[in-house]
Amino acid sequence: MRQLTTFKFNITRIMVPLAFAVCALASPTTLTDDNILGIYLQVNSFDIETALAGQAHGDSEAVRKVASHVTADHLAVRQQAYELAAQCKVPIVLPADRSTAAAEHSKMMTHLLSLSGAAFDKAYAEHEVSFHRAAIDAVRNVLLPAATCQPLKTHLNEVLPAFQHHLEEAEALKRTLDSR
């Protein structure tokens, strides 16, 4: 059973970066501000959904606490993204190839919600570590260089420390859970 559980955790590690797949494949010159906002909203929504699952299904208080913090922060960021669309005077346009990311997120959520207890907690923590590493990389290396609207660029720069904080929280949670 231990090998199967480890295999499932590794699947989570593979699926998280797929949420950012268009970011990895796109060069900053191919993304527009409306595409950036579409991707940004989609990915924030993915993490809100995952964090809500953490709040509802987390076995440990530590998981529920981290999940609650992530939920609140990403809900605020999502609202800011809608405001940025208005400031930048662009519609929010999700690139067509983002359906793959949505399907992979759905698979990851199905897997995550199939777990319970300590297995859920560990998978959740691992997902959050991978997710925030990929988010930081995508913002720094793809979304930020592609952004042309100054308020959007400013926001992306300002949100990086919060994403880094979430990563540090998730890494600490993962270490705590791994030591049990």
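The model is predicted, so local features need pLDDT of at least 70 and side-chain atom pairs count only at pLDDT 80 or more, while totals for chains, interfaces and linings use all residues. Residues are numbered from 1 along each chain as its sequence is written, and side-chain values use heavy atoms, with hydrogens and water left out.

**Overall fold**
- The protein chain has seven helices and zero strands; helices (H or I, at least four residues) and strands (E, at least two) are DSSP runs, numbered from the N terminus.
- Of its 180 residues, 48% are buried, where buried means under 20% relative accessible area, exposed over 50%, and partly exposed in between (1.4 Å probe, protein chains only).
- Among contacts (heavy atoms within 4.5 Å) between residues at least 6 apart in sequence, 84% join residues at least 24 apart.

**Helix 5**
- The 15 residues of helix 5 (residues 99–113) should span 21 Å at 1.5 Å a residue, and the end C-alpha atoms are 21 Å apart, which agrees; the expected span is 1.5 Å times one less than the number of residues.
- Ala101, Glu104, His105, Met108, Met109, His111 and Leu112 are the buried residues of helix 5.
- These buried residues fall within an arc of 160 degrees seen down the axis of helix 5, so they line one face of the helix; the arc is that of the directions from the helix axis to the C-beta atoms.
- Ser99 and Thr110, on the other side of helix 5, are exposed.

**Disulfide**
- The structure holds one disulfide, defined as a pair of cysteine sulfur atoms within 2.5 Å.
- Cys88 and Cys149 form this link, with their sulfur atoms 2.1 Å apart.
- Cys88 lies in helix 4 (residues 61–88) and Cys149 in the loop between helix 6 (117–146) and helix 7 (150–178), so the pair ties together parts 61 residues apart in sequence.
- The link is left-handed, with -85 degrees about the S-S bond, and both Cys88 and Cys149 are buried.

**Nonpolar cores**
- A nonpolar core is a set of buried Ala, Val, Leu, Ile, Met, Phe, Trp, Tyr and Cys residues joined through side-chain atoms within 4.5 Å.
- The largest core has 30 residues, of which Leu31, Ile36, Tyr40, Leu152, Leu156 and Phe163 touch the most other members.
- Helix 3 (33–57), helix 4, helix 6 and helix 7 each supply at least two residues of this core, and helix 6 gives the most, with nine.
- A second, separate core of 16 residues includes Ala51, Ala67, Met109 and Leu115.
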